[in-house]
Amino acid sequence: MKKNLIKVLFIASALSVSPITAIESNVVYAAENDYILPDSASRVYTYDELSGLSKDELRLAINEIYARHGRMFDSAEYQNYFNSKSWYNGTIKPEDFSEDVFNTCEKSNIDLLSSIEKGTAAETTSSSSDNHTVIDDASVKKMLNGEVVELGYDCMLDLNQDGNKDWLHLTLIKLEYPETYTLTVGSESFSDYGENVKEDLYGVSLNGKDILVMVYEYGPSDDPLTTFFKYDGNTLTNIGQIASWPENMKIEGEEIKTKTRCDIMSTAAIETSWKVNDAGFIEEIPQEVYNYSLDFTYPGKEDDYFAYLKEEISVYSDMNEDSEETVMEPQNVCFPYTDSENWVYVQGETGQGGWLCLADWDYTDRSDTFDNLRYYD
């Protein structure tokens, strides 16, 4: 890549590593390209693409990201250089410039450029296969058979089974909260915000051919969220998210079975099914009735949690208030099923049971009626 970049000759000594620095030397520029990094705002560059740059070129590339947002420079050499660019419109004084304007790709590129300049990136971001874990055939077979496999944060794996191993790398940049993460596959990158992103990737196949990459974050208070990515050899695509953790998912007939949170009665979980739709994205498969329990693991164990019904309630044989009505007496009850929206099945220890409509209930009504319910704050 270096041969395609602007060639820069600095007569001065090495520059400092601060994001913006003044230089005291004369600079000679060859106008081969208008940009050093033309895609710095839209994708994250890889180590291999940037590692061949000199320190002077790395410093120019960092400053270019600032310049694209209109930052002016104290250094006459930098200011004259960017003034020569057709795209540059310097209007913001250095002391007035805010780095809040940078998107996740720009922040990641600045971080990588700086780490290469400091010499701290070579061991962790090199894309040479000698420096990465190669996923063995047994693990690949497990993924193709529908098992979730933990991959680590830096590995080689043939994702689309075309005979070529792809480099996978997960980078966390904790510049602010929530943190930024960047997933790189081959030469493609995707950056987003996450909360407590785990520094390990996961892989699984739904169709026995394409291996999906999974990024897992457990949120601010153990709120699991898994993001799925597909790589076809050219393009890396975010295909959807499921509010569960990777090891809690089972693949059955090209569907993902898991449990996700449902707060219709108390903090509990419903069994859900997911698939890749015709457009290539993860979507939930709607169900009329969901299994509902306090156990969030899939398939989980039989739920033995009971609440106490403190007063009589009316329940129905179907999820319809015109169906047969039964009055339940105070007793221990559990809630094995729900429609996840308005109805929950109340099963009593005396054998009584039926559907309770919660459409017009609030949490005060529920606490007045049931003892020992747990809620999600």
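**Salt bridges, strand pairing and cysteines in a predicted model**

The side chains of Lys275 and Glu283 come together in a salt bridge, at 3.9 Å from N to O; the term stands for a side-chain nitrogen of Lys or Arg within 4 Å of a carboxyl oxygen of Asp or Glu. The structure is a predicted model, in which local features need pLDDT of at least 70 and side-chain atom pairs count only at pLDDT 80 or more, while totals for chains, interfaces and linings use all residues. Residues are numbered from 1 along each chain as its sequence is written, and side-chain values use heavy atoms, with hydrogens and water left out.

Lys275 is partly exposed at 34% relative accessibility, and Glu283 is partly exposed at 30% (buried means under 20% relative accessible area, exposed over 50%, and partly exposed in between, with a 1.4 Å probe and protein chains only).

In total, the structure holds seven salt bridges. One of them joins the side chains of Asp371 and Lys310, at 3.5 Å from N to O. Asp371 lies in strand E25 (residues 370-371) and Lys310 in the loop between strands E18 (307-309) and E19 (313-316), so the pair ties together parts that are 61 residues apart in sequence. Strands (E, at least two residues) and helices (H or I, at least four) are DSSP runs, numbered from the N terminus. Asp371 is partly exposed at 35% relative accessibility, and Lys310 is partly exposed at 34%.

A further salt bridge brings together the side chains of Lys230 and Asp210, at 4.0 Å from N to O. This pair links distant parts of the chain, with Lys230 in strand E11 (residues 225-231) and Asp210 in the loop between strands E9 (197-205) and E10 (211-217), 20 residues apart. Here Lys230 is partly exposed at 34%, whereas Asp210 is buried at 17%. Elsewhere, Asp223, Arg261 and Asp263 form a network of salt bridges.

Turning to the strands, E23 (residues 343-348) is mostly covered, with five of its six residues buried. E23 pairs with E21 (residues 331-334) in the antiparallel sense over two bridges; pairing requires that DSSP finds at least two bridges between two strands. Within this pairing, Val333 stands opposite Gly348 in E23. E23 also runs antiparallel to E24 (residues 353-357), joined by five bridges, and Gln347 faces Gly353 in E24. The hairpin of E23 and E24 has four residues between the strands, and Gly351 takes a positive phi near 100° there.

Finally, a search of the whole structure finds zero disulfides (pairs of cysteine sulfur atoms within 2.5 Å). Cys155 is buried at 0% relative accessible area, and Cys334 is buried at 17%.
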